[in-house]
Protein chains: 2
Amino acid sequence: MSFFSNLFTKKNSAPVAKDRLQILLAHERSSRNSNSDLLQKLQKEIMEVIQKHISIDQEKIQIKVDRGNDFSTLEIDIEVPQQENIT
Amino acid sequence: MSFFSNLFTKKNSAPVAKDRLQILLAHERSSRNSNSDLLQKLQKEIMEVIQKHISIDQEKIQIKVDRGNDFSTLEIDIEVPQQENIT
């Protein structure tokens, strides 16, 4: 999965002692007339799942949404403050 | 996000009328000595969240896990049977 490696290499130009969690969701729709936005519905609940396991500083979360006719993507990038917070 | 486009283009060589949901999780660890597997913990709960919104045929789910020293990745690929099942 070289695109992940590229992603991390690009963003981590300086060595820093922190964990990162990245979630990418993509929803490809066969019909262009669909108005349902599955990703938007999933975003809040997935964040709640993650926060059950790690303590997250709200300022350390970056969310990018990209809505297209054929598919939508949602990218969540989380900087995990301390590894020992993972339960 | 060209890697998503490439991913979909590659797999959908023939036009088919179905929706697809793809989730990619990546956990980059600053310490190589960590044994915690955050992605494994999140996988089950994220699947439960998704199944609240869409009805999923268990045979249409592909899960790929890649564990590395520095980061682990989890890829979930779901074929959504009917668009109207999204609630």
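What follows is a walk through a predicted model, stop by stop.

**Stop 1: chain A as a whole**

Start by showing chain A as a cartoon. You'll find 2 helices and 3 strands in chain A, and from the N terminus on they come in the order α-β-α-β-β. Chain A has 87 residues, and 45% of them count as buried. Now think about contacts in chain A with a separation of 6 or more: residues 24 or more positions apart make up 61% of those.

**Stop 2: a pair of helices**

Next, select residues 38–53 in chain A and again in chain B; in each chain this stretch is helix α2. Two packed helices are described by the angle between their axes and the distance between the axes. Here the axes of α2(A) and α2(B) come within 9 Å and cross at roughly 145°. The crossing of this pair, α2(A) with α2(B), is right-handed.

Which residues of α2(A) meet α2(B)? On the chain A side, they are Leu38(A), Lys41(A), Leu42(A), Glu45(A), Ile46(A), Val49(A), Ile50(A), Lys52(A) and His53(A). On the chain B side, look for Leu38(B), Lys41(B), Leu42(B), Glu45(B), Ile46(B), Val49(B), Ile50(B), Lys52(B) and His53(B). Colour the contact of α2(A) with α2(B) by class and you get 10 nonpolar, 2 polar and 6 charged residues.

**Stop 3: the nonpolar core**

Keep both chains on screen. The largest nonpolar core has 34 residues, and those touching the most other members are Leu21(A), Ile50(A), Leu21(B) and Ile50(B). In chain A, the elements that give two or more residues to this core are β1 (19–28), α2 and β3 (71–80), and in chain B they are β1 (19–28), α2 and β3 (71–80) as well.

Zoom in on Leu21(A). Setting aside neighbours within four places in sequence, what does Leu21(A) touch? Within chain A, Leu21(A) is in contact with Ile50(A), Ile54(A), Ile76(A), Asp77(A), Ile78(A) and Val80(A). From chain B, Leu21(A) contacts Ala26(B), His27(B), Leu38(B), Leu39(B) and Leu42(B).

**Stop 4: a buried arginine**

Stay in chain A and pick Arg20(A), which sits in strand β1. Is Arg20(A) buried or exposed? Its relative accessible area is 6%, so Arg20(A) is buried. Show the side chains of Arg20(A) and Asp77(A) and you'll see a polar contact between them, at 2.7 Å.

**Stop 5: strand β3 of chain B**

Hop over to chain B and click on Asp77(B), in strand β3. Asp77(B) counts as buried because its relative accessibility is 7%. Its side chain makes a polar contact with the side chain of Gln22(B), at 3.1 Å.

With a relative accessibility of 1%, Val80(B) counts as buried. Leaving out residues up to four places away in sequence, Val80(B) touches Lys18(B), Asp19(B), Arg20(B), Leu21(B) and Ile54(B). Draw a line from Val80(B) to Leu21(B): they are 59 residues apart in sequence, and their C-alpha atoms are 7.0 Å apart.

**Stop 6: the loops**

Finish with the loops. Select Asn69(A), in the loop between β2 (61–66) and β3 of chain A. Asn69(A) is exposed because its relative accessible area is 53%. From Asn69(A) to Ser30(A), 39 residues apart in sequence, the C-alpha distance is 9.6 Å.

In chain B, pick Gly68(B), in the loop between β2 (61–66) and β3. Gly68(B) has 29% relative accessibility, so this residue counts as partly exposed. The C-alpha atoms of Gly68(B) and Glu28(B) are 9.2 Å apart, for residues separated by 40 positions along the chain.

Notes: Residues are numbered from 1 along each chain as its sequence is written. Chains are lettered from A and ligands numbered from 1 in the order in which they are written. This is a predicted model: local features need pLDDT of at least 70, side-chain atom pairs count only at pLDDT 80 or more; totals for chains, interfaces and linings use all residues. Side-chain values use heavy atoms; hydrogens and water are left out. Axes are lines fitted to C-alpha atoms, for helices over the stretch in contact, and angles run from 0 to 180 degrees between N-to-C directions. Helices (H or I, at least four residues) and strands (E, at least two) are DSSP runs, numbered from the N terminus. A crossing is left-handed if the near helix is turned anticlockwise from the far one by less than a right angle, and right-handed if clockwise. Contact means heavy atoms within 4.5 Å. Ala, Val, Leu, Ile, Met, Phe, Trp, Tyr, Cys and Pro count as nonpolar, Asp, Glu, Lys and Arg as charged, and the others, Gly among them, as polar. A nonpolar core is a set of buried Ala, Val, Leu, Ile, Met, Phe, Trp, Tyr and Cys residues joined through side-chain atoms within 4.5 Å. Buried means under 20% relative accessible area, exposed over 50%, partly exposed in between (1.4 Å probe, protein chains only). A polar contact is a pair of N or O atoms within 3.5 Å; within protein, one must be able to donate a hydrogen and the other to accept it, and residues adjacent in sequence count only if both atoms are side-chain atoms.
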